[in-house]
Structure formats: structure tokens, C-alpha cells
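Student: Could you show me how to read the features of a protein model, one step at a time?
Tutor: Gladly! Let's look at it together.

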Amino acid sequence: MRVSSPYDTSEKVPSFAVASSEFKAGERLAPEHGSAIFEVPGGREISPQLSWGPVPEGTKSIAVTMFDPDAPIPSGFWHWGLADLPADTTELPAGVGVGDDALPGSAFHVPNEIGMHQYVGFGPPPGTGRHRYFFAVHALDVESVRDLGVTPDTTPAVLHFMMRGHELGRGVLQGWASADE
């Protein structure tokens, strides 16, 4: 059974707006945001520009993730995870997912599903239909997720688990991609 959003089963917190200059909610993602690793035509592993806010009062840091709940595996597929963005961060430019040196402050990437500490673009396999990609921005009440036991080797799934009880708000933007259309 397909859930409307993977965040429907997450802790309920206030929401805030997330937008991109490169796609609107519910639109198809551009090829450059796809994966060359997964041989998506035009795929270049370029993370899209994201902006958000206002975040709730008391926010001390921000985490960002990208998740495909429609991947043909039971756990879905984490394409991107980063944490410890400064609380006053309101935007990530396109391409910032290349590695930690492009991130502000002491922010860091956690490994995606293929073990890389960077953004990996979409790559839905042929025959699996439309895949939804959820870009989530998490406003946290801790200055560093390291204080919760998260390290640069923590998976995005565990990052989410460790953030429970520390999210003051969450904004989500969803796009899609398909090899079949």
C-alpha cells in the first residue's frame, strides 16, 4: 500500500514552507537532478536549490533529507542527508550536495544508500512507474545532532530516529521522476 507521504507516520510537528526555484511541488524533477551513477539520461548528481522558512522560534540547527518511498525495496531509498546547518540558514543553492566543503558552518553529510557522503540523484528503475522524491527540512532544538549520537557515518534512517523528540517543525517539498514516462 502506498502512503501519501512517508512523513504521515512520523512525529507530528508544525510545518513550514519549502520551495525550489527549479521545480514546484508535485512537478517532475529536471534531468540534471538525476543520477549519472544510475545511468539516468542527463543525470549529473546536482542537488536542487531549496529555500524554506520561517522556521519555528527556538530552532538551533537544521537537517535536510531526500527520500524515495517508491523504490522497489522495502525500506525505500535515501538519496541525501545533511545535518547541523546553522539555524539561520534559509536556503541551499543548487549543487551544494557535492560534499561537506560546500556546506555552511559545521554542517555535514551522512551517507546515502550507496554509501556516499553527498547527494545522489534520482534513478527509478524501468518498469517501476513514477517515484516521489520528498525533500524534507527539519528544524531542530539542538545545536548539533552529534549531541544525539549522530556522526557523519550515521545513516539517514537513524538520523531520523535520533531527531525524534527534537523536531520543532518540518517542511516538505515533493517532486517526481520516472523511467517509464
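**Strands, cores and salt bridges**

Tutor: Strand S2, residues 50-53, pairs with S5 in the antiparallel sense over two bridges. Before we go on: this is a predicted model, where local features need pLDDT of at least 70 and side-chain atom pairs count only at pLDDT 80 or more, while totals for chains, interfaces and linings use all residues. Residues are numbered from 1 along each chain as its sequence is written, and side-chain values use heavy atoms, with hydrogens and water left out.

Student: What do strand and pairing stand for here?
Tutor: Strands are DSSP runs of E with at least two residues, numbered from the N terminus. Two strands pair if DSSP finds at least two bridges between them. In this model, Leu50 has Leu92 in S5 as its bridge partner.

Student: In what order do the three strands of the open sheet lie?
Tutor: The order is S1-S2-S5, with antiparallel pairing. Strand S1 (17-19) and strand S5 (91-92) are the edge strands, as each pairs on one side only.

Student: How many residues does the largest nonpolar core have?
Tutor: First, the idea: a nonpolar core is a set of buried Ala, Val, Leu, Ile, Met, Phe, Trp, Tyr and Cys residues joined through side-chain atoms within 4.5 Å. Buried means under 20% relative accessible area, exposed means over 50%, and partly exposed is in between (1.4 Å probe, protein chains only). Here the largest core has 25 residues, and Leu50, Trp52 and Leu92 are among those with the most contacts inside it. Strand S7 (131-140) is one of the elements that give two or more residues to this core, and the largest share, four residues, comes from S7. A second, separate core has eleven residues, including Phe108 and Leu148.

Student: How many salt bridges does a search of the whole structure find?
Tutor: A salt bridge is a side-chain nitrogen of Lys or Arg within 4 Å of a carboxyl oxygen of Asp or Glu. The search finds three. In one of them, Arg132 meets Asp70, with the closest N and O atoms 2.8 Å apart. Arg132 lies in strand S7 and Asp70 in the loop between S3 and S4, so the pair ties together parts that are 62 residues apart in sequence.

Student: Are Arg132 and Asp70 buried or exposed?
Tutor: Both are buried. Another salt bridge joins Arg130 and Glu181 (3.0 Å, N to O), and Arg130 is partly exposed, with a relative accessible area of 38%.
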